[in-house]
Amino acid sequence: MIRIVIGTEKNQYVAQKVLEYSIRSHTSAEVDIRFVTQTQKRVGGTRFGFVRFLVPSIFNYEGTAIYLDADQIVLTDIQELANSLKPEYTLALVSNLEGYFGDKPVPQRKETSVMVMNCAKLKHWNPETIFNNVVPNDSPLEPGQIHYRDFMWLKWMDDREIQQLEPTWNHFNILREDTKLLHFSHVASQPWKKPDHPLSKFWGQWLRKTIRAGYLKRRELWQAIAEKDINRYYLRYLIW
């Protein structure tokens, strides 16, 4: 069983269903996919940024689990990612990033939007306390506090605990032959919001596949368009 937590929020519903279908359509393995929203107070970033740190507790600090953001598509067998974490490490992620965030090259950092975790080694990620000292990026730091950005980029972890994944497991707004996971990371320019995104047609193809496979109902797409979570451009996908 491959266990996956997808961090999401209401306006990402259609995107999360496309992601789910992309995962299931590429693997023959059993997958346990859980969509989780953030209940903690938002400090910065998206409204589901803290969800990734809840994964070990969700699975009772046992076994291996994957975290993904909702705004992604998986283009190969997720089993490969699940099997990638070596026993000497606590988690695996991409830090030598490739692609673009908006119109700029994506900054280099420990990118936690795709992670494989050994939950047993993360018992100190206690949901009741782990976020207590995280403050907005523009806040003056008091002793023991950490800025949201540095917290999300794991600057507080020992690098020796972290295994490096291939950049292809988190390609930011670029699609190549070797892309394993495509991440539409810049919220304002996501293809379901901005049809002029270079990969809008590609995402639209996956949207159509998701509807045809029964993972998303056409009325759900219509509702998302009516609520302006999805651009009206995608009304055409209500027709076979």
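This is a predicted model: local features need pLDDT of at least 70, side-chain atom pairs count only at pLDDT 80 or more; totals for chains, interfaces and linings use all residues.
Student: Why is strand E1 called largely enclosed?

Tutor: Buried means under 20% relative accessible area. Six of the six residues of E1, residues 2-7, are buried, so the strand is largely enclosed by the rest of the structure.

Student: Which residues of E1 cover each side?

Tutor: Ile2, Ile4 and Ile6 lie on one side, and Arg3, Val5 and Gly7 lie on the other.

Student: What makes E1 and E2 a pair?

Tutor: Pairing requires at least two bridges between two strands. E1 and E2 (residues 31-36) have six bridges, in the parallel sense. Within this pair, Ile6 is opposite Phe35 of E2. The chain passes from E1 to E2 by way of helix H1 (residues 13-25), a right-handed β-α-β crossover.

Student: How do you know that E3 is also a partner of E1?

Tutor: The criterion is again at least two bridges, and E1 and E3 (residues 64-69) have four, also parallel. Ile4 faces Ile66 of E3.

Student: What makes the pairing of the sheet mixed, and which strands are at its edges?

Tutor: The open sheet has six strands in the order E2-E1-E3-E8-E5-E11, with mixed pairing. E2 and E11 (162-164) are the edge strands: each has a single partner strand, so one side of each is left without a neighbour in the sheet. From one strand to the next, the twist averages 25°. E1 and E3 are parallel, whereas E3 and E8 (residues 111-118) run antiparallel, joined by five bridges.

Student: Why are H1 and H5 called roughly perpendicular?

Tutor: H1 and H5 (residues 200-212) pack at about 80°, with axes 9 Å apart. The range for roughly perpendicular is 65 to 115 degrees, and H1 and H5 therefore qualify.

Student: Which residues make that contact, and of what class are they?

Tutor: Val14, Ala15, Lys17, Val18, Tyr21, Ser22 and Ser25 of H1 meet Trp203, Trp206, Leu207, Lys209 and Thr210 of H5. By class, seven are nonpolar, three polar and two charged.

Definitions and conventions:
Residues are numbered from 1 along each chain as its sequence is written. Side-chain values use heavy atoms; hydrogens and water are left out. Buried means under 20% relative accessible area, exposed over 50%, partly exposed in between (1.4 Å probe, protein chains only). Helices (H or I, at least four residues) and strands (E, at least two) are DSSP runs, numbered from the N terminus. A crossover is right-handed if, with the strands pointing away from the viewer, the path from the first strand over the helix to the second runs clockwise. Axes are lines fitted to C-alpha atoms, for helices over the stretch in contact, and angles run from 0 to 180 degrees between N-to-C directions. Angles under 35 degrees count as roughly parallel, over 145 as roughly antiparallel, 65 to 115 as roughly perpendicular and the rest as oblique. Contact means heavy atoms within 4.5 Å. Ala, Val, Leu, Ile, Met, Phe, Trp, Tyr, Cys and Pro count as nonpolar, Asp, Glu, Lys and Arg as charged, and the others, Gly among them, as polar.
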